[in-house]
Amino acid sequence: DEVIVTPLIRTTISDDRGDEPCYDGYPASELINKGYEIPHVIGLLWDKRLISKQEAEIIKRIMMLSADHGPCVSGAYATILAACAGIGMSQAVAAGLIMIGPRFGGAVTDAGRWFKYAVDNKMNVDEFLAYMKKNVGPVPGIGHRVKSLRNPDKRVKELVGYVKSLNIKTPCLDFALEVEKITAAKKDNLILNVDGTMAAVLVDLGFPIDSLNGFFILSRTIGLIGHWVDQKRQDSRLIRLFDYLVNYAAPKRREVPPLK
Ligand code: ACO
Ligand code: LMR
């Protein structure tokens, strides 16, 4: 007799039951042998779509530009701290990934969401900024701790320059650049940042809003692994913060009163 079991999960992206995985139906080896690359696999697994050569080139560039930004940023610093405490790769990299959030690296999804909202609703920049101030808070994708009009972010210039050199419509990117004109004039570090730039470009390519943070997470994982291996290679010692880096603002030592 046949027993019918209700499936526990439902997948729509991949199938490993044959002799190799199929991504959205396409066998991995066939993708390789027909010249497809990692960005195409991302397109299949994140958006169930065989992206064009041009889209793949843009995604490759986004990944190359955001793979790492030195040891001082929240993610790399957390991974390095963990590596020096003797933590293994997957946990140390996870510690770095946990830092990716609304202020650092994880503003891509929300930047895409709000730039798209503005474009869909035909808002002008003033209306958008007023709306964001009232309802959302800091504009995701705008602002940088160290980059500014005087110290521009070459990664952003590179990506914008490349995308604008192609013959494609980029309404979100155009809007984001208009936002930057106004915000950076108010305060010179309120530039369009890496998160905001990749968000606008990826929305213009049609990637789903919910996938957008994935582009930063994936790319930066390359750097985080590098930082972990780098510390291992150097056999780095445990890190302990120096007292002089801390403002001890707790009450002065005092006598504990008798227990009542
Ligand atoms: N929108 C509106 N105002 C902003 C924004 C923003 N995105 N960012 C900063 N400000 C304002 C603040 O309200 C504050 O104003 P005030 O001086 O009148 O109080 C002032 O600028 C300074 O703000 P801080 O948070 O101290 O600035 P900081 O340099 O520390 O912030 C940060 C950098 C965290 C990136 C900030 O700009 C921000 O939250 N941006 C939005 C999130 C984002 O896009 N993060 C990704 C950064 S890129 C990356 O991580 C790869
Ligand atoms: C990054 O790519 O990590 C950043 O732009 C954040 C930073 O502070 O440099």
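**Ground rules.** I am working with a predicted model, where local features need pLDDT of at least 70, side-chain atom pairs count only at pLDDT 80 or more, and totals for chains, interfaces and linings use all residues. Residues are numbered from 1 along each chain as its sequence is written, chains are lettered from A and ligands numbered from 1 in the order in which they are written, and side-chain values use heavy atoms, with hydrogens and water left out.

**Overall fold.** I found 11 helices and three strands in the protein chain. Helices (H or I, at least four residues) and strands (E, at least two) are DSSP runs, numbered from the N terminus. Along the sequence the pattern reads β-β-β-α-α-α-α-α-α-α-α-α-α-α. I also noted the box that the C-alpha atoms fill, roughly 75 × 60 × 45 Å along the principal axes.

Strand β2 (residues 22–23) pairs with β3 in the antiparallel sense over two bridges; for two strands to pair, DSSP must find at least two bridges between them. Tyr-23 has Tyr-26 in β3 as its bridge partner. A reminder to myself: strands of a sheet pair through backbone hydrogen bonds.

**Ligand 1.** Which residues are closest to this ligand? Of the 19 that surround it, they are Gly-105, Val-139, Gly-141, Ile-142 and Asn-193 (near means a heavy atom within 4 Å). I then went through some polar contacts, which are pairs of N or O atoms within 3.5 Å; within protein, one must be able to donate a hydrogen and the other to accept it, and residues adjacent in sequence count only if both atoms are side-chain atoms.

- A nitrogen atom of ligand 1 is 2.8 Å from a backbone N or O atom of Val-139.
- The Arg-145 side chain has an N or O atom 2.9 Å from an oxygen atom of ligand 1.
- Asn-193 places a polar side-chain atom 2.8 Å from an oxygen atom of ligand 1.

The protein covers 62% of the 930 Å² of accessible area that ligand 1 has on its own (Shrake-Rupley method, 1.4 Å probe; for residues, only the protein chains shown count as cover).

**Ligand 2.** I listed His-69, Val-73, Phe-104, His-144, Arg-155 and Arg-220 around this one. Oxygen atoms of ligand 2 turn up in each contact I noted.

- His-69 has a polar side-chain atom 2.7 Å from a ligand 2 oxygen.
- For an N or O atom in the His-144 side chain, the distance to an oxygen of ligand 2 is 2.7 Å.
- With the Arg-220 side chain, an N or O atom is 2.8 Å from an oxygen of ligand 2.

How much of ligand 2 does the protein cover? I have 82% of the 270 Å² of accessible area that this ligand has on its own.
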